[in-house]
Amino acid sequence: QVHLVESGGGLVQAGGSLRLSCAASGSIFSINSMGWHRQAPGKQRELVADITSGGSTNYADSVKGRFTISRDNAKNTVYLQMNSLKPEDTAVYYCNLRVIIIAGGVGDYWGQGTQVTVSS
C-alpha cells in the first residue's frame, strides 16, 4: 500500500553534515506526522525529530540546534538536515510516517533504515 525509500546516509567526519531523505509512495491520501528515529548498537530506538502536518516540530534534546527536520507535502517527502555531527550520532536512522490511505484508515509506516556513521 505505502512504500518508503530512505537515502542520504553515509560516513562523515565529526563536525560534518549529512541530509537524509525519505520519500513515500503508494495509496496515500495524506500524511499526518513524519519523523526520524535512530537506533545505535545495543541501544533502544529513539525519536530524533518529528514534524506535524501543520509544520510544528519536535526534537530530542541531544540534537537540538544541530538537526533540522522539514517536509515537502507535494513530494510526500521528509528530510533531516544533520549538522555538526558527533560520533554519538552514529546509528541506523529510520523514517516513520503516519499515513491516511486512500482506502481509508490510518497506518504507521517505517523506512528500511539508513546507516549514519560519524568518525572522530
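# Report on a predicted model

β7 and β8 pair in the antiparallel sense over six bridges. The model described here is a predicted one.

Strand β7 covers residues 67-72, and strand β8 covers residues 77-82. Within the pair, isoleucine 69 stands opposite leucine 80 in β8. In a regular strand the side chains alternate between the two faces of the sheet. For β7, the covered face carries Phe67, Ile69 and Arg71, while Thr68, Ser70 and Asp72 belong to the uncovered face.

Four residues lie between the strands of this hairpin, where asparagine 76 takes a positive phi near 50°. Most residues other than glycine have a negative phi, and most peptide bonds are trans. Asparagine 76 is not a glycine, yet its phi is positive. Serine 84 likewise has a positive phi in a residue other than glycine. The place of serine 84 is the loop between β8 and β9, the latter strand running over 91-101. The two residues are set out below.

| Residue | Phi | Loop | Relative accessibility |
|---|---|---|---|
| Asparagine 76 | about 50° | between β7 and β8 | 23% |

Asparagine 76 counts as partly exposed because its relative accessibility is 23%.

## The nonpolar core

The largest nonpolar core has 33 residues, and the members that touch the most others are Trp36, Val78, Leu80, Met82, Tyr93 and Leu97. At least two residues of this core come from each of β1 (2-7), β3 (18-26), β4 (28-39), β5 (46-51), β7, β8, β9 and β11 (114-119). The strand that gives the most is β9, with six residues.

Tyrosine 93 illustrates how parts of the chain meet. Leaving aside neighbours within four places in sequence, the contacts of tyrosine 93 include Glu6, Leu20, Trp36, His37 and Arg38. Also among them are Val48, Phe67, Leu80, Met82, Gly113, Thr114 and Val116.

How many disulfides does the structure hold? There is one disulfide in the structure, formed by cysteine 22 and cysteine 95 with their sulfur atoms 2.0 Å apart. This pair links distant parts of the chain, since cysteine 22 is in strand β3 and cysteine 95 is in strand β9, 73 residues apart. The link is right-handed, with 50° about the S-S bond. A disulfide is a covalent bond between the sulfur atoms of two cysteines. Both cysteine 22 and cysteine 95 are buried.

Serine 21 is also found in strand β3. Serine 21 counts as buried because its relative accessibility is 18%, under the 20% limit. Not counting residues up to four places away in sequence, serine 21 touches Val5, Glu6, Ser7, Trp36, Val78 and Tyr79.

As for pairs of aromatic rings, a search of the whole structure finds zero.

Methods: Residues numbered from 1 in each chain as written. Predicted model: local features only at pLDDT ≥ 70, side-chain atom pairs only at ≥ 80, totals over all residues. Heavy atoms only, no water. Phe/Tyr/Trp six-rings, centres within 6.5 Å; stacked < 30°, edge-to-face > 60°. Buried < 20%, exposed > 50% of the residue type's maximum accessible area, 1.4 Å probe, protein only. Pairing = 2+ DSSP bridges. Core = buried A, V, L, I, M, F, W, Y, C linked by side-chain atoms within 4.5 Å. Contact = heavy atoms within 4.5 Å. Disulfide = S-S within 2.5 Å.
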